[in-house]
Amino acid sequence: MHSYLDRHQAHVLGILRIVAALTFISHGTQKLFGFPVMPPSGSLPPVMSLFWFAGILECVGGLLVLLGLKTRIAAFVLSGQMAFAYWIGHAPKSFYPIVNGGDSAILYCFVFLYLVFASAGAFSVDGRTRSTSALAGA
């Protein structure tokens, strides 16, 4: 059983990376474009505001993670962004994440932190360039 699971580890890691990135990008598109729905505030954040920069990071960083391009660097930045978002935006409201609405920030923080250490997995540009360079050196 373990050997079967081990054989598919890179594929499941790649799927985790893709799904996390797709859902994360939607937070950025919501902030920047009001898509798929307007932000809870009812308006888009002003350009150059903290929420605007968060939207840029979520879209650009999320796209890098989605593609598996410079995954470790992008995931490191996004993990930090989510830690910052939790402590600045959620924790002051309540100690409990379910009450303060920060449960998704915590999960994103630790999924991205895991990607920093685990790398991109299957279906990634990083994986293709690594295998291409390994073939060139052989």
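# A helical protein and its largest pocket

Four helices, α2 (9–33), α3 (50–67), α4 (71–90) and α6 (103–118), each contribute at least two residues to the lining of the largest pocket. Helices are DSSP runs of H or I with at least four residues, strands are runs of E with at least two, and both are numbered from the N terminus. The model is predicted, so local features need pLDDT of at least 70 and side-chain atom pairs count only at pLDDT 80 or more, whereas totals for chains, interfaces and linings use all residues. Residues are numbered from 1 along each chain as its sequence is written, and side-chain values use heavy atoms, with hydrogens and water left out.

The protein has 7 helices and 0 strands, and its elements run α-α-α-α-α-α-α from the N terminus on. The C-alpha trace spans about 55 × 35 × 25 Å along its principal axes. Of the 138 residues, 35% count as buried; buried means under 20% relative accessible area, exposed means over 50%, and partly exposed lies in between (1.4 Å probe, protein chains only). Among contacts (heavy atoms within 4.5 Å) between residues at least 6 apart in sequence, 64% join residues at least 24 apart.

The largest pocket holds about 760 Å³ of space. Pockets are found on a 1 Å grid over the protein atoms alone: a pocket is an open set of points with protein on both sides within 12 Å along at least five of seven lines, a cavity is a set of points where a 1.4 Å probe fits but cannot get out, and lining residues have an atom within 4 Å of a point. Grid points are joined across faces, edges and corners, and the volume is the space filled by probe spheres set on the points. Of the 29 lining residues, Lys 31, Phe 51, Glu 58, Ala 85 and His 90 lie nearest the centre of the largest pocket. Helix α4 supplies the largest share of this lining, 7 residues. By class, the lining comprises 16 nonpolar, 10 polar and 3 charged residues. In this division Ala, Val, Leu, Ile, Met, Phe, Trp, Tyr, Cys and Pro count as nonpolar, Asp, Glu, Lys and Arg as charged, and the others, Gly among them, as polar.

In soluble globular proteins, nonpolar side chains tend to be buried together. Beyond its neighbours within four places in sequence, Met 82 is in contact with Phe 24, Glu 58, Ala 105, Tyr 108 and Cys 109.

The cysteines may be considered next. The structure holds 0 disulfides, a disulfide being a pair of cysteine sulfur atoms within 2.5 Å. The sulfur of Cys 59 is too far for a bond, because the closest cysteine sulfur, in Cys 109, is 19 Å away. Cys 59 counts as buried at 15% relative accessibility, and Cys 109 is buried with a relative accessible area of 10%.

Thr 29, in helix α2, counts as buried at 16% relative accessibility. When neighbours within four places in sequence are set aside, Thr 29 is in contact with Gly 34, Phe 35, Pro 36 and Cys 59. The C-alpha atoms of Thr 29 and Tyr 4, 25 residues apart along the chain, are separated by 38 Å. Phe 84 lies in helix α4 and counts as partly exposed at 45% relative accessibility. The C-alpha atoms of Phe 84 and Cys 109, also 25 residues apart along the chain, are separated by 9.4 Å. Not counting residues up to four places away in sequence, Phe 84 touches Leu 50 and Gly 89.

Most residues other than glycine have a negative phi, and most peptide bonds are trans. A cis peptide bond, with omega of about 5 degrees, joins Phe 35 and Pro 36; Pro 36 lies in the loop between α2 and α3. Met 48, found in the loop between α2 and α3, has a positive phi near 75 degrees and counts as exposed at 55% relative accessibility. Phe 123 has a positive phi of about 65 degrees although it is not a glycine, and Phe 123 lies in the loop between α6 and α7 (125–137).
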